[in-house]
Amino acid sequence: MAFSLKQLRYFIAVAEAGTVSGAAQTLAISQSAVTEAIRELEADLGVPLFARHARGLEITHKGHQFLRHATGILAGVADARHALTQESDDLTGTLHVGVTSLVAGYVLSDILARFRRANPQVEVTASEDSGDYLEHLLVGGELDVAVMVTSNMRDRMALQTEIIDTSPYQLWLPNGHELTTRPSVSIEDLTGEPMIMLRIDEVEEATRKLLSAFGARPRVAFRTRSVEAVRSLVATGAGIALLPEMVYRRWSLEGDRIVSRDVSGSLPVVQVGVVWRKGAPLSRVAREFVLAAQVHKNMR
């Protein structure tokens, strides 16, 4: 592989912005430099990372896969640099962290484990709540940082975000379902199928909007706030589900198989980030947590 760290930074910026112009503005460089870096990266990898259309760029499935690796590579480099410059004295203090429901069991635990290993004398308190309320607490200074779904953040002007994971939606099916035999699945194929809806972090709203955009009205069989309940219901044939890839597991708690399939078309993407109040200096404890989030690697 001949790609450079600069190309990876530019690729991540485009993936987050959705346009070359937006990435160029974030990076404070020319659009032509970003375009050339993405072109060279795609040529080196031998796969298209983005689909081009009139409104900008849409990251491909291969692009989503590579995005995780690119983020991990840059995070590893940052971690290596930090290891060489880390202050020798033990860090103490208190860290107040917020987390949204979808993220709590799939991202935060790894970050907290890493942070606590490096900073055993720091007391950490974590609170789970809705994204809107966490934004309120961050702006009010009641939380130091939050790890949350950022796709639907409302107060972006007051908050700083570092994206640490990007997860496309995918279809969950019970083993043996007719759709598992098809080489490709479209949104239209889901018309009339009973749907299991997850009611956390705006997942249900995103699913309804997605289906309605294709003229399909979801036939809701069950609504729940439990990911494990969705797994069990799908695995036993009660319905199908559209959920972010980050929460997919092959088996339900009862040991029944769940099959995942990519769906053709423009599916939404869930972005997870570490968020803090813009303009306020981060404490050393909070900076260490942000670093732990940056080097986080999703091992699913």
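Colleague: How do the residues of the lining of the largest pocket divide into nonpolar, polar and charged?

Modeller: This is a predicted model, and what follows is read from it. The lining of the largest pocket divides into 16 nonpolar, 13 polar and ten charged residues.

Colleague: What volume does the largest pocket have, and which residues are the closest to its centre?

Modeller: Its volume is about 1,100 Å³. The lining holds 39 residues, and E58, H64, L267, P268 and V269 are the closest to the centre.

Colleague: Which elements each supply at least two residues of that lining?

Modeller: Among them are helix 1 (5-17), strand 1 (50-53), strand 2 (56-59) and helix 4 (61-85). Strand 6, helix 7 (203-213), strand 12 (263-264) and strand 13 (269-277) also each supply at least two.

Colleague: Which domains does the assignment of the chain give?

Modeller: The assignment gives domain 1 (5-84), domain 2 (93-160 + 272-298) and domain 3 (166-270). Domain 2 is written as two segments, 93-160 and 272-298. Between domain 1 and domain 2, the C-alpha centres lie 24 Å apart.

Colleague: How many residues line the second largest pocket, and which lie nearest its centre?

Modeller: There are 26 lining residues, with I12, E16, T161, E162 and I163 nearest the centre. Two or more residues come from each of helix 1, helix 2 (20-27), helix 4, strand 6 and helix 9 (284-294). By type, the lining of the second largest pocket has 13 nonpolar, seven polar and six charged residues.

Colleague: Which element gives the most to the lining of the largest cavity, and how do the lining residues divide by type?

Modeller: Helix 6 gives the most, with three residues. The lining of the largest cavity divides into three nonpolar, three polar and five charged residues.

Colleague: Now to the rings. How many aromatic pairs does the count come to?

Modeller: Five aromatic pairs. To read a pair, take the distance between the ring centres and the angle between the ring planes. The rings of W172 and Y248 have centres 5.8 Å apart and planes at 65°, so this pair is edge-to-face. W172 lies in strand 6 (residues 159-174) and Y248 in the loop between strand 10 (241-244) and strand 11 (258-261), so the pair ties together parts 76 residues apart in sequence.

Colleague: Are W172 and Y248 buried or exposed?

Modeller: Both W172 and Y248 are buried. Elsewhere, ring pairs link F3, F11, F50 and F66 into a cluster. A charged residue can also sit over a ring: R257 lies over the face of W251, 5.6 Å from the ring centre.

Colleague: What is the place of L171, and is L171 buried or exposed?

Modeller: L171 is in strand 6. Its relative accessible area is 0%, so L171 counts as buried. The C-alpha atoms of L171 and D262 are separated by 6.2 Å, although these residues are 91 apart along the chain.

Colleague: Where is G192 found, and how far is its C-alpha atom from that of R219?

Modeller: G192 is in the loop between strand 7 (185-186) and strand 8 (194-198). The C-alpha atoms of G192 and R219, 27 residues apart along the chain, are separated by 6.1 Å. G192 has 39% relative accessibility and so counts as partly exposed.

Colleague: Last, the backbone angles. What is phi of A28 near?

Modeller: The general idea is that most residues other than glycine have a negative phi. Phi of A28 is near 60°, a positive value in a residue other than glycine. A28 is found in the loop between helix 2 and helix 3 (31-45). With a relative accessible area of 67%, A28 is exposed.

How values were computed. Residues numbered from 1 in each chain as written. Predicted model: local features only at pLDDT ≥ 70, side-chain atom pairs only at ≥ 80, totals over all residues. Heavy atoms only, no water. Helix = DSSP H or I, 4+ residues; strand = E, 2+ residues; numbered from the N terminus. Nonpolar A, V, L, I, M, F, W, Y, C, P; charged D, E, K, R; others polar. Phe/Tyr/Trp six-rings, centres within 6.5 Å; stacked < 30°, edge-to-face > 60°. Buried < 20%, exposed > 50% of the residue type's maximum accessible area, 1.4 Å probe, protein only. Lys NZ or Arg CZ within 6 Å of the ring centre and 35° of its normal. Domains from an automatic or database assignment. 1 Å grid on protein atoms, 1.4 Å probe; cavity = no way out; pocket = protein on both sides within 12 Å on 5 of 7 lines; lining within 4 Å. Points joined across faces, edges and corners; volume = space filled by probe spheres on them.
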